[in-house]
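Please examine the protein model shown below, together with its sequence.

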Amino acid sequence: MAVRFCLLGSIEASVDGEPVDLGPVRQRSVLAALLADANRSVSADQLIERVWGTRAPQRAPGTLYSYISRLRRALADAGDAVRLSRQSGAYVLAVEETAVDLFLFRRLLARARREDDDGRAAEVFEQALGLWRGEAFATADTPWFNTLRESSHREKRTAEWDLTDVQLRLGRHTELLAGLFDRVRAHPLDERLASQLMLALYRSGRAADALAHYEDVRHGLAEELGIDPGPALRRVHEQILTEDVALAVRVPPPAVDPADQHVPIPRQLPASPAIFSGRDAQVEVLCEALVRADRHTPVAAVDGVAGVGKSALAVHVGHRVEEHFPDGQLYVNLRGAAAGATSLTAHQVLVRWLPQLGVPGAEVPADAETASALWRSVLTGRRLLLVFDDAVSAAQIRPLLPAGRGCAVLVTSRTVLSTLDGAEHVHLEPLTESEAVALLARMVGADRVAGDPVAATDVVGFCERLPLLLRIVAARLAARPAWPVRAIADRLAREHQRLNELQAGELSVRASLAVSLREAGEGGERVFPLLAVVGAAELDLPLAASLADLPWAEAERLLEQLVDARLVDSPAPGYYQLHDVVRLYAREQAHQQAGTADPDAAPRRALHHYLALAGEASRLLDPEEWTNLGMGAPIAHPAGCTLADRPEASSWIDFAAPHLPSVMAELTGRPELHADITRCVLAVYPALAVRDRWQELIKLNTIAVRTARDSDQRALEARSHNLLGMAYGQTGRMDESLAEFRCASELWEALDDRHQLARASNNLGILARLRGDLLEAVRCHERGIRLFQEAGDDNGRARALTNLGVVHQRLGNHAEAISAHECAIEIFRAQNDQYRLGQTMGDLAKAARLAGRYGESIERYEESLRVVRRIGSRLNEAEQLWGLAHSLYDLGERDAARTRWRAALDILRDCGELTDAEAQRLLADPVPEPPAAIRRNQ
């Protein structure tokens, strides 16, 4: 499927050559804002700022959701070539970068600047500039887009001037003059343009005009800026005055024939890997970078975690391009990550290599700087491939880099050698699952893998798709030919011995990770084991700072050292991930250090981190429910972190929710923390409920019931049973919900807590309604209303009134339903309980529709939508859209109704409540059946 996105002009898209209708200007701007950061996450707040600027309307979040949904539908024909997804509160538009003209433009520029043939370079520059169709990001007019537009046009201008340099070297000075005069008029004081125009005039026989133009520029610089021309422009002026022959069009000198040197041609590359799988895209990028050299030495740098296959890739690529380097290939392992070894210095490498190129060993200078200068001289005129494997830093290889054209450099390192000027950087990720299974099959035998493909998939998962780990497993299986693949998979599944399984002969994961940890420095070595204390695969900076008991800035500095050492990944600023094998190694390190400090200190700080931020998030997202929990003010965060507002609270809870159950389960091994674990689970309930995270709540409250019981906290145990019952009810597990509510009621009866009994009665009423026993539901809710009133809990009474109104709707008692909902709305509005106000307005809207009052129903639904969008309750928004669609349909507005049904299904799909296929099946009916997520609350 050929997809193309155009940003260098009007914002457009096409699929297989057919234009895509991208909708109104603002919707196109949303697409452009995502494309500008293609394959990277962009938060909703960032999108709003980019598309609306600093004065976004209050409805901007809701409008953004609508635009995202429409763009998904518009791009549906692109299939897997374009994926617009939501991840941790942000959006990611996944697309091949060359499908976006802006990125294709930049890639072509990089290619042109690497080209060693000026003719081909000119062609590629022209191809890149031909992508422009007018003003970039046309029609998008916000501060962010304006800044991006200016930056893009600067890139274009620089490319035009680079092309002019190439064309001047090709002798096209005459045809350049007209365009150069136009540019000079637009940029009269630009010295680079002035130099180009002067050179073109001089080569066209107009030396006097060239000198006159210099005087014009010199006068303008003095008058307007008070400066003289720079050295480059002054040198061109002097060369014209002296008719310097260097200004003539030059022909490159012929290469030196190495045969005349009478030196054996070095062929030092190790044997190409016998088994090499995957990496097709990276191989092509590296081959192109090394072969299509620019006027300087091309450098390609491969980085990645230990065991990802950097060395194998480098050797494979070296053999692929060796025919382009007739003077030989030099290879050295710099031992940057060799366990127990000292890395080589540049001078040690030169002592080895200079004699290979004809310098007698006795004549190699003892001084490193002199040896480096001799090295650069020896390389002049040669075409050599230099492969530096396992470098520690850019400084280690910088003295070894050639100075002129002809040679190429390929370097591997665990860290990104970001200070290596002009390098083509290639980051290696683990193999894909299919590539990893294919590699395993080639190493242990296709029949062995085909005999149990599930076991093979498990093995590559436990090996995290890293070639080194797969080689270790393959070596173990090769030594045990009678073992099926399932045998090693089962052994790897046991976390406590996985690292023991991942060693064979000289190959060891521990040894490899130990080298990386040493590179992280003393501070990094101290922090690293603490990251495994809570068992979370992903951490944010506040949690890491809490674990390490450090200020934020110091914790971030040490974490970034771990990132540089490739022990930790950083998918976004302030967020960190550990691969499973690295996490297990960190846990080993933590056990080894257990006797040196209080073993409970870090887990306790981690728990207080969650307890503090859970309380902050719940207080911000559902203040009424937080008050009803009776937990007081949230505790102070151990590292001083706070959540400023509702969006920040929503963002944090969405990040923390997937990890919380495993973290709390990990901490249950410490009985002294059980009471705080229970409090943490209770504290996070309001925030998770607002964000519709019911599966996480089931897991968490199951843990809380056990920890409350173990710590003899009967009141907390009752609350945990009650919240677990509510979570079960929200997911349709009615029998389990009833059992939990009954446990809570029995405990509260024993404790004689009338207020909590009111809650239990209200919950039992909800369950009776969901089971179809409407008269029992009325009885329970009326009892709950009385008990809440006796306790002076107006918010609880309003909730019971809302639930009573829903039951009356089911019974057909429309007047009673409307009355109950209106009383509840009055209380929620007085208390500014926005979450329940939005829900109850939707219930009132439905009651009005059932009573035949369609106009009033539509007004109420729209009012409800404004509230739920403001608080960010996505499932609630889908429910209100569904009800609004029915009201519009009953009123005869069928197109409008289908628009709302479709929007509701888009939300449910984004939330993982149904698949694309299920949504399409529902929309095939004129009046869609409500999906399970909607039916649960009806």
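In which helix is the place of Arg759? Arg759 belongs to helix α35, which comprises residues 754-771. Helices here are DSSP runs of H or I with at least four residues, strands are runs of E with at least two, and both are numbered from the N terminus. The model is a predicted one, in which local features need pLDDT of at least 70 and side-chain atom pairs count only at pLDDT 80 or more, while totals for chains, interfaces and linings use all residues. Residues are numbered from 1 along each chain as its sequence is written, and side-chain values use heavy atoms, with hydrogens and water left out.

Arg759 has a relative accessible area of 11% and is therefore buried; this term means under 20% relative accessible area, whereas exposed means over 50% and partly exposed lies in between, with a 1.4 Å probe and protein chains only. Apart from neighbours within four places in sequence, Arg759 is in contact with Glu625, Asn628, Leu629, Phe788 and Arg799. Contact means heavy atoms within 4.5 Å.

The chain as a whole has 44 helices and 16 strands. Its C-alpha trace spans about 105 × 70 × 55 Å along the principal axes. Of the 938 residues in the chain, 53% are buried. Among contacts between residues at least 6 apart in sequence, 67% join residues at least 24 apart.

Two packed helices are described by the angle between their axes and the distance between the axes. The axes of helix α19 (residues 467-478) and helix α20 (residues 485-493) come within 11 Å and cross at roughly 130°. Consequently, α19 is oblique to α20; angles under 35 degrees count as roughly parallel, over 145 as roughly antiparallel, 65 to 115 as roughly perpendicular, and the rest as oblique. These axes are lines fitted to C-alpha atoms over the stretch in contact, and the angles run from 0 to 180 degrees between N-to-C directions. On the side of α19, the contact is made by Val473, Arg476 and Leu477, and on the side of α20 by Ile488, Arg491 and Leu492.

Asp390, in strand β9 (residues 385-391), has a phi near 65°, a positive value in a residue other than glycine. Asp692, in the loop between α31 (674-690) and α32 (694-710), has a positive phi of about 60° although it is not a glycine. Asp390 is buried, at a relative accessible area of 15%, and Asp692 counts as buried at 17%.
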